[in-house]
Amino acid sequence: MGKINRLDEHLSNMIAAGEVVERPMGIVKELVENSIDAHATQIEIQIAQGGIESITIIDDGDGMDAQDATLAFERHATSKLKDVDDLWKIHTMGFRGEALPSIASVSHVLLRTNNGEDATEVEISYGKVVHARPCGTPKGTMIQVQNLFQKTPARFKHLKSPQYEFSLISDVVQKFALSHPNIGFILSHDGRTVFKTRGNGSLLEVLMQIYGRDTVKSAISLQGKDLDYEIEGYAIQPQFHRATKYYMLLYINDRMVRNHHLQKAIQDAYAPYIMKDRYPIAVVKIKMDAQLVDVNVHPSKWEIRLSKEKQLEKLLYQTICDALTQQIAVPSIQPVKEKKEKIEIQELSFTYDREADVKRLHEKVNESFIKQEEIPMEKPKPTMTYPLPVSKEPMMKAEESVVEYIHEKPKLDVPEVKEQMQQQIAEVQQAFVNKEPILSNNTQVEVEPQKEHSIIENKNPSLPQLQVIGQFHKCYILAEGEKGLYIIDQHAAQERYHYEQIRERILAGENDAQPLLIPITIESHAGVVSQLDKLNAVMQHLGIQLDVFGDTTLVCRELPLWMKQVVEVGFLQDMIDVWLQDKEISLEKLRKHAIATMACHSSIRFNRTLTMNEMKQVILDLGKCEQPFHCPHGRPTLICLEDRTLKFEFERG
């Protein structure tokens, strides 16, 4: 007897459900995609107990007639495809025809649908049709999934808590709202609405509901295009970052997808602006010809294949780089807003008459607390009775002489001396107002006029004009600008300037080499040794030459001068590893670590007192940078404490 058996339809549906329906989130994704394909403008998702108890999806889409309502639960029955050619130009969310039969095989399903002419109700319990009959229901479709995995305990025991399962559902619904802002979504859990969009087509409004007002106010619009691809969306300023990569959302033809290479392109574009192991927030929508993308990779439809992936990676990287360069802003301090308690001064009311003496005493005390502006300012009486000596020092010295004589010389009550003293004090005061030389006893005291500093335009127009105020804790430079108080990290700012200076010099081709007294040996493998000619052809642009020194060993006998402060063996090994992976070496990418190390060693350190001229020079150097906002390691070089924040904290607005 043969060992091979043909599986019945119900069992094959349960096996297929293992790929399509892993957990409640997968059911919500499949059913919402069906609603989108049905041209729904409003979609309501009702969840009970994290979807384990029930999931209900209600839409106002096209609906189905009685025949389609029952046929939809048969395997590989779909309205999205008609022939083989349609598989290579898929424009709908669903197309496989596996979702509904798979869901119905592991749960109790109730479907009500109305296409404007027929209204039908279909009930299926774990793969068996209970009934299919006419009913009364509004136009659109309602599908309810109950008691998920109750008859498949092996799958049921792997479900987690209702709160965790609902968090996954909430995440996927929010992604749908971002991909289709023209559709209104309502998500409720155990009868409580937790997320709602209006469906007015505003992507920024949906972003604000998900990430908050402050985050969305910093959103940078993305616009990129070539012959095959069109990119749009929003990238959030680098100061708002996350610990995971799941906030980089990708949509291809409005389909949410996961693609490691495209996410890496986004990370690389943000790399100069954020710290290592931090990830940006971005919503990227990509439009392309449906024939360039294959979505038939996995039943869950998260994975895709692209025909011209490298081209799209480059376009995405360049689009985000250009947007950040043109629209990046200085990070602002966001203080924690705590509710301040109002302190009320207790007022005492006496129920008895006070004595007359005590009453008069209280009145005198109250009268003594009058406003400062009500006190008449008396004219200062001249106390110096000796004539001022003639000073040849600048204006400040003249003023110091006046003060010194006022406090140290004996007082004589001589009218002539008083009159002379008053005249000389008036001359000093007038000279400070008009910045003119002081004339006293026919002798001229020279005063240096204040030098007018010409405004130097910054290389990056987003960097504001800054005026140095001082230094804080020997680590930070304080400066004022158009928006408020700017705090500059003196080491990070100098590190950015030196990094760009060294990079320009190296990229200009200054690869002067220095022979090594002791050659460097690098352990590799036979695959690298066999392709050494190709590797050297690329590395010659870096001024580096490797020779074979055994079966799996390479030797380097000279290195360019710019590598003098770098761990040579590690740097060379990194270059070989990158070349093996990409078969190309980016000068910018590989030299970044070396240049950043040199820039760090040559920059101003923390805990060092700077003179005013040194602080001004740091600001001037920062203005010469193409990207002055972050050091090579991604730390911010300056932050801003805005005027409006100060006014709020001081309760002035």
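Strands here are DSSP runs of E, at least two residues, and helices are runs of H or I, at least four, numbered from the N terminus.

This is a predicted model, so to speak about local features we need pLDDT of at least 70, and side-chain atom pairs count only at pLDDT 80 or more, while totals for chains, interfaces and linings use all residues. Residues are numbered from 1 along each chain as its sequence is written, and side-chain values use heavy atoms, with hydrogens and water left out.

β12, residues 248-252, runs antiparallel to β13 over three bridges, and I252 stands opposite R255 in β13.

Now helix α9, residues 260-270. At its start, a side-chain oxygen of N259 comes to within 3.1 Å of the backbone nitrogen of H261. Which residues of α9 are buried? Buried means under 20% relative accessible area, with a 1.4 Å probe and protein chains only, and the list is L262, Q263, A265, I266, A269 and Y270. Looking down the axis of α9, they fall within an arc of 150°, taken from the directions from the helix axis to the C-beta atoms, so they line one face of the helix. What do they pack against? With contact meaning heavy atoms within 4.5 Å, it's β10, β12, β14 (279-280), β15, β17 (305-306) and α10.

How values were computed
Two strands pair if DSSP finds at least two bridges between them. Buried means under 20% relative accessible area, exposed over 50%, partly exposed in between (1.4 Å probe, protein chains only). A polar contact is a pair of N or O atoms within 3.5 Å; within protein, one must be able to donate a hydrogen and the other to accept it, and residues adjacent in sequence count only if both atoms are side-chain atoms.
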